[in-house]
Amino acid sequence: MINLLPREDLLDMRIERIKTYVKTGTTILLAVYLTAVLGIILWWVYLTQNQDQATRQMKEILGQLSNQGNKEALYRNLAHRVSIVDKAVSEHKLVSSRILPLLDTSVGVQITGYSWDDSPRQKLVLKASNPLLLERYIDTLKVSFKKVKLDEFRLYTAPDWTATVIVE
Amino acid sequence: MKKFTWLIYPIAVLFVVFSSSIFLLGSGKIVQDMLAKKSQVVTVNKLKSDLENKLNVLKNTNAEDVLNDLREILQTVPAEKQAWVLIREIRQSVDPVTGSSLTGYRTSDSASSETLALTMTITTPDIRSLLEIIKSIEQKRPLVEFSKIEFQDGLVSLGVKGVWEPLLAASFSASQPLPPLIKPVNSIVESGKRFNLPTGLDLLPLR
């Protein structure tokens, strides 16, 4: 196709086209920029309002919590006491379970003395009419206790024999 | 000159955009402030939510029930030294055992001491009776710890410690979170069922 317009008119047309592109591009840039700035400002306003509102509500809640102070003190004491009691119950040592195995098999043997001082060690003073009964009892103790030591074994007053035994 | 007047608009826009961008974002302070603000808002909202939960817990908690629970578990570990209660407990355990009696007691610590330690003197026919007494004491509340047992020909010297712990002083701020109940009170009471609840206070000393 043959362009019949003069050369100047062609140049003017190109310049006009460039002007349009530049103006449109500038307007789009300005619109995007203003939108971004507006967005940031609105976000800031939203954050500030949200913070102010939360702070205000928090103060109201703190006021209400102050009114519940007595109940809170009770609740805290209960929580504290629950952990104390739970610990005390779980750590409660049953001393009877230490003595029980000593008695189960004491046939013909009398335990006349016993001592324990919050340690694994227990001391027994035994009495029997026959040393064999003492021996048999001491042997049965070895089933329940890791360590059984005969401390003293003698004829006390005939016919009674006594033995002092330490078990652990 | 008139030919270039159309350039004023794009140049002015570019100037405003770039200069304000450099002003706003150049030092990075605005961005930092924005992020700090966001973080503050998150923190405040979290705190508010925690306080709301705490308030709901307290509102749904009946003070009378808490007081009853507290009274119940104070039976197991009292808030103060109760020497007479401890002596009563021992006596209640000794008396029903045939041929046994509590003949004396003395404190093992000074009155100002943190511990409640007593040495009890008991007469009992044999070690089986002593075991019966010890089992009975172990099942009583408040809890009693044994520190020493000496038995010789019917005479017993029993070292006992009363377990106690003072109540918490009420110093806390409303913003502090509530401590968790590590176990429900019911389960604590259940686990302590083997400890019989002594009925009523009998502060009479030895007969």
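**Fold of chain A and its interface with chain B**

Along the sequence, chain A reads α-α-α-β-β-α-β-β. The model is predicted, with scores of ipTM 0.73 and pTM 0.70. Of the 168 residues in chain A, 18% are buried. Among contacts in chain A with a separation of 6 or more, 43% link residues 24 or more positions apart.

The two chains meet through 55 residues of chain A and 63 residues of chain B. On the chain A side, the elements that give two or more residues are helices H1 (7–67), H2 (69–91) and H3 (96–104), together with strand E1 (110–116). H1(A) supplies the largest share, 20 residues. By class, this side of chain A holds 29 nonpolar, 16 polar and ten charged residues.

Strand pairing also crosses between the chains. E1(A) is joined by four bridges to strand E3 of chain B, residues 144–152. The two strands run antiparallel. Within this pairing, Gly113(A) has Gln152(B) of E3(B) as its bridge partner.

Confidence in chain B averages a pLDDT of 82. In this chain, 86% of the residues score at least 70. Residues 196–207 of chain B stay under 50. For this stretch, the model has 13 contacts beyond four places in sequence. Where pLDDT is low, predicted coordinates should not be read in detail.

Conventions. Residues are numbered from 1 along each chain as its sequence is written. Chains are lettered from A and ligands numbered from 1 in the order in which they are written. This is a predicted model: local features need pLDDT of at least 70, side-chain atom pairs count only at pLDDT 80 or more; totals for chains, interfaces and linings use all residues. Two residues are in contact if their C-beta atoms, placed from the backbone, lie within 7 Å. Ala, Val, Leu, Ile, Met, Phe, Trp, Tyr, Cys and Pro count as nonpolar, Asp, Glu, Lys and Arg as charged, and the others, Gly among them, as polar. Two strands pair if DSSP finds at least two bridges between them. pLDDT is the predictor's confidence in each residue, from 0 to 100. A residue is buried if 20 or more other C-beta atoms lie within 10 Å of its own, exposed if 12 or fewer, and partly exposed in between; C-beta atoms are placed from the backbone.
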